[in-house]
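Subject: Structure handover

Hello,

Here is the structure I said I would pass on. My notes on what was found in it follow below.

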Amino acid sequence: MLVFFGLLLALLTLYPLLSMLREMFVSHAGIEKTLTGLKKGSFTLFHFKKLFSAGEWSSVNFWTPFANSLLLGLGSAVLGIIIGGAVAWLMARTNLKRKKIIGTLFLFPYLMPAWTMALYWLNIFQNSKVGGGVTGLLEGLLGICMPEWFVYGLFPCIIVNALHFAPFAYILIGGILQNMDATLEESAQILKTRRSRILFKITLPIVMPALLSTFLLIFSSGFASYTVPIFLGGAVRFFTLSSKMKALFNAGYTGQAYIIGATVILVGSLILYINQRFTGKRRSFTTVTGKSGQVSLINLRKSNNPISIALLVAVIFFSIVPLLVFALQTVMGSSGVYELNNLTLEFWIGRGESSYRNGMVGGILFNKTVWASLGRLFLLSVLAALFAGTSGLFIGYSVVRKRGTRLARFVESMAFFPYLIPAISFATIYLSISSSESFSFLYNSFMILVIVAGVKYLPFASRGGINSMLQISPEIEEAATIMGIPWYKRLFYILLPIQKTSIMSGYLLPVITCMREVDLFTLLVPNAHFLLTTMLLEFNQTGYDQYANAITLLIIIIVLALNILSEKLTGASVAKGVDGGAPIGGK
Amino acid sequence: MKNTIVFLIMLLTCCALFAGAVPEVSPAVELSAVELALNEASSLSDEALYEKARTETGTMKVYSTTSLCGTAVQSFIAKYPGLKVEYSSVGETDMFTKLGTEIGSSADGADMALLQNAYLMQSLLIDEGLLVNYFPTKYAGVIDPQYQNPTAMLLVNKLFMWNNTEGDIDLDNIWALTEEKYSGKIFFKDPSTEPVGMNFLVMLTSEQWTEKIEKAYEAYYGKKWASGSYKSASYEWIDLFLKNCSYEFTADGGICSGVTNGKAGNIGLFVFSKLRGNEAARKNLTPASELDCFAGFMYPTYAQVCKDTDMPYTCALFINYILSEEGSNPWTNEGVMGNYSVNTEIPLKDATGLDNTVDYWLSRCVVEDGKYLASAYAEVFEFVSVRIK
């Protein structure tokens, strides 16, 4: 099985990586052909020389965006870990009130696409003193104008990314805190050790592997961030490597664009390597020991109410309020005009000609194209999740059982690599693959979307699969192995029933991620209206903000409903998909 | 053994990768079947062409950056029963990646495309032999020769428009846009990511526009432009203009609503057609149509046939149709503004009273020229790119 996945991943992951490598050394049509004087496809080092030669070109197109990406990744990871870690600690280790509602709402920003949080930030904080001078909610309601650095640039990009990924930190760190043996801390307490010393000498070292894993995930995502800097950075010319990569692609500097893409992958790989060096040996036992039955919660006493209320207000501000703001934007005849007579439901329930002037026949609830696009997106998400989830399960099983071998390490690394490849490069390479003679049956097909999404989201599923299999002791299988029961029977009759909730969650995460994906599909869909997310992009580009906001709201509601429904029906949730553990903070 | 497997996997992948390298397209010595069919089609009547098109089997696929193409396809199918046409909306920059990858490959992609950006179309697709031009001779007298090869079907204008909610602003010369008082008040899509905006800047460096920009300088400052550190007046204008620009908005629609609802006196450069169906924008925005020396940028939408189409006659009939008054109606009817057919027989039908004839805008706008773009694009792109930081 491991050999099968080795071959499959070589085809689906290594091939795109090597394709990228090739593109960095050849001349392309258009401007590159003019500049190099070489035929399309000829070998050249021009792209490297151009991008890395001392001078303004290199500084503007590589080094400055590189530094910005680094700061963004670093800032997002540190802040995300602080926010998520603090909430996780409060939920798992204290007697904080209102845990259930806080725990549920805290996950919302992760379920929403990061760029919707960026749009929300603008809707709230843009004001007449900065940028285009469009009045935001804060100024409209309270007359407060925030300064430019707060509204645009590195600072809001870090905040938005950190808020989006803080739930990741919360789930991973909270999972460890929930499951770790509390007797260690209790022993220290009995020995009258100071709280700060317990935190730094016991708690933090135990959660360190989770911290590093979280750092890897948030840093990589922040470093490769594209849409958030596009929305929040343009006004102050804050560019990241991803936005420069897109700019160079658009201008025809394909080779240099691929070098930037490779840099993003390289930095991600470096972090992955560091993470594996530090956590490789410990990761396998952090969650297996089971939790102590005597977890004693820290009593927050008088500060319990103030802390829980402040936390609740904060999570409502970044979970429920964005939904209300988006809902408000969808009923405004003209964007930014906060007047009662400007309210309309035409973008939701308009019919025929009345809404045609707004760019579409019918409001989104009565438009067949919208429903068809939603249906396709949903089907795609389910199929991609089946592909990723099932592969992730088998990869998890085979990698864990052959742990320590080179092939297992190869498969594990290859399964994680798609996470590091920028979506634009990934889509471009798969477009090229599906256009080749051998794979032309995939072109413009639904299947190519399923494959590309399945592979791109494989890291979530394979990590989930590996984590859930690590939690099961090999002894459980031993009796069946001795009896000569084949591996698939052992997997289906012994292992799956034990870990069914966490495995189901491994399927849910790709569904939710796929439901909000845009960049990965724009090149591969037969037309912009094919999926609801690509349709949303078209509305954004054509300026029909109300339709774009309505579709955004629809996607968020569906994602939230899916998570809640799945938790009610099967016990699976995004939180368990990331961590595989019990709900943080107990009941 | 495991090492060997890993090595073999990598070796096989590398072989597959480089075996799949795109072969260089050699120039065609003889006319292809598609070119022959299109040559024949160019002199046929619509009725004769329809008969030929009916013999073609399958569905003709047209990619378009303009969503109104969908409406044209519907009326085309209604007029010519039996023909199957499918329209796909493709983004401006994705268009070149998709066509460049698809045409000549095994993919069952587009048969023809309605696309913008003369430079990218020429350098990435036409120079690579991927597109074939078709122009119906019956329109030779009513369409300017410059729009016949490559065939254009529509002209679009991007205009400087300003927020008039606190009255008139002192803006009558393009050099005013470089003044400190407009710093951060001009909204323009980042030209390093948006090719149409870059084409506009490249066109300004042509001899013709450099001369005009120098004259505008003299009119504005009362003295002749003197070359300092800049190569020409155009480069100086571009540099100072870009310093005043904000790239807050990534789409024309965003600039339109941002300037409409933003601060009085703010200026945006975006497609005039965004004012269609937008009462607030029509009320709050004023096009800078009398700006010395240009009011904006004008560029064609081209209709081109893919070299590997197996439906050349249907493509030709569709191009004939969208060049006619009936077929161009989705873009030129009374409810639409900012789109102008290249067919001079089609009159302006704008019902808002804000639009003007194509000649009016052509005399006030910088007009895209694919040949000049090809000669100057790299130099200007690099000049612009290092200034957007």
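B:Asp46 is a reasonable place to begin: this residue is buried, with a relative accessible area of 18%. Please keep in mind throughout that the model is predicted.

Salt bridges

The side chain of B:Asp46 meets that of B:Lys138 in a salt bridge, at 3.0 Å from N to O. The two residues come from distant parts of the chain, 92 residues apart: B:Asp46 is in helix α3 (residues 46–54) of chain B, and B:Lys138 is in the loop between β4 (131–132) and β5 (152–163) of chain B. B:Lys138 counts as partly exposed, at 45% relative accessibility.

A second pair is B:Glu290 with B:Arg364, where the closest N and O atoms are 3.3 Å apart. B:Glu290 is exposed, with a relative accessible area of 56%, while B:Arg364 is partly exposed at 22%.

Another salt bridge joins the side chains of A:Lys50 and B:Glu382 (2.6 Å, N to O). This pair crosses between chains, from helix α3 (residues 46–52) of chain A to helix α15 (residues 370–385) of chain B. There is also a network of salt bridges that links B:Lys158, B:Lys189, B:Glu194 and B:Asp252. Over all chains, the count comes to 18 salt bridges.

Nonpolar core and surface

The largest nonpolar core has 332 residues, of which A:Phe521, B:Phe160, B:Trp237 and B:Phe294 touch the most other members. Helix α10 (residues 154–179) of chain A gives the most to this core, with 15 residues. In chain B, domain 1 (33–154 + 300–367) and domain 2 (156–298 + 370–385) both contribute residues, so the core lies between them.

On the surface, A:Met1, A:Trp487, A:Tyr488, A:Phe492 and A:Tyr493 form a nonpolar patch with about 550 Å² of accessible area together. A:Tyr493 belongs to helix α26 (residues 487–498) of chain A and counts as exposed, at 64% relative accessibility.

Regards

Technical notes:
Residues are numbered from 1 along each chain as its sequence is written. Chains are lettered from A and ligands numbered from 1 in the order in which they are written. This is a predicted model: local features need pLDDT of at least 70, side-chain atom pairs count only at pLDDT 80 or more; totals for chains, interfaces and linings use all residues. Side-chain values use heavy atoms; hydrogens and water are left out. A nonpolar core is a set of buried Ala, Val, Leu, Ile, Met, Phe, Trp, Tyr and Cys residues joined through side-chain atoms within 4.5 Å. Buried means under 20% relative accessible area, exposed over 50%, partly exposed in between (1.4 Å probe, protein chains only). Helices (H or I, at least four residues) and strands (E, at least two) are DSSP runs, numbered from the N terminus. Domain bounds come from an automatic or database domain assignment. Patches are made of residues with over 30% relative accessible area and no salt bridge: like charges are joined within 9 Å, nonpolar side chains (Val, Leu, Ile, Met, Phe, Trp, Tyr) within 5 Å. Accessible areas come from the Shrake-Rupley method with a 1.4 Å probe; for residues, only the protein chains shown count as cover. A salt bridge is a side-chain nitrogen of Lys or Arg within 4 Å of a carboxyl oxygen of Asp or Glu.
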